[in-house]
Amino acid sequence: MELGRSDFTYAGGSSSVVVSSTNSWAATVDSNWISVDTITGEAGDTTVNITCRKYGGSEDRIGTITFAMENGMDCTVTITQTRMGLFIPTGKIIRGILRIN
């Protein structure tokens with residue numbers, strides 16, 4: 001398998017993997033914020049598109065996609081989605097007004 005991208009920002013997005021197998025296979029996703037457009041395939045090369053939904057949480061999150069091959073050889077792709085960044089302005093308070101640097 002060739003992984004297109006395993007890390008996503010909080011904004012979400014799409015990427016793809018190419019499953020190259022000599023056997024049939026089935027994909028399972030362990031998180032509801034990750035979706036794949038193809039869940040089964042036959043021998044040969046199959047492109048599987050991965051989509052991650054937008055995320056507004058305060059901690060990074062991790063999910064997996066497992067490709068179970070008919071011959072028992074499984075492959076797990078780990079997807080990491082980073083938390084939304086928090087902008088904290090720096091500056092000085094002058095007479096009750098925050099001046100942003």
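**Exercise 1. Is Trp-25 buried or exposed in this predicted model?**

Solution. The cut-offs come first: buried means under 20% relative accessible area, exposed over 50%, and partly exposed in between, using a 1.4 Å probe and protein chains only. Trp-25 has a relative accessible area of 4%, so Trp-25 is buried.

The model is predicted: local features need pLDDT of at least 70, side-chain atom pairs count only at pLDDT 80 or more, and totals for chains, interfaces and linings use all residues. Residues are numbered from 1 along each chain as its sequence is written, and side-chain values use heavy atoms, with hydrogens and water left out.

**Exercise 2. Describe the aromatic pair that Trp-25 forms.**

Solution. Step 1: rings of Phe, Tyr and Trp (its six-membered ring) pair if their centres lie within 6.5 Å; planes under 30 degrees apart count as stacked, over 60 as edge-to-face, and the rest as tilted. By this rule there is one aromatic pair.

Step 2: the partners are Trp-25 and Phe-67, with 5.6 Å centre to centre and 65 degrees between the planes, an edge-to-face arrangement.

Step 3: Trp-25 lies in strand S4 (residues 25-29) and Phe-67 in strand S8 (residues 61-69), so the pair links parts of the chain 42 residues apart. Strands here are DSSP runs (E, at least two residues), numbered from the N terminus.

Step 4: Phe-67 has a relative accessible area of 0% and is therefore buried.

**Exercise 3. Which strands pair with S4, and over how many bridges?**

Solution. Step 1: two strands pair if DSSP finds at least two bridges between them.

Step 2: S4 and S8 pair in the antiparallel sense over five bridges. Val-29 has Ile-65 as its bridge partner in S8.

Step 3: S4 also pairs with strand S6 (residues 40-41), again antiparallel, over two bridges. There, Ala-26 has Thr-40 as its bridge partner.

**Exercise 4. Locate Thr-38 and list its contacts.**

Solution. Step 1: Thr-38 sits in the loop between strand S5 (34-36) and S6.

Step 2: its relative accessibility is 19%, so Thr-38 counts as buried.

Step 3: contact means heavy atoms within 4.5 Å. Leaving aside neighbours within four places in sequence, Thr-38 is in contact with Trp-25, Ala-27, Thr-46, Thr-47 and Val-48.

**Exercise 5. Where is Thr-47, and what does Thr-47 touch?**

Solution. Step 1: Thr-47 belongs to strand S7 (residues 44-52).

Step 2: with a relative accessible area of 45%, Thr-47 is partly exposed.

Step 3: not counting residues up to four places away in sequence, Thr-47 touches Ser-16, Val-17, Val-18, Asp-37 and Thr-38.

Key. Helix = DSSP H or I, 4+ residues; strand = E, 2+ residues; numbered from the N terminus.
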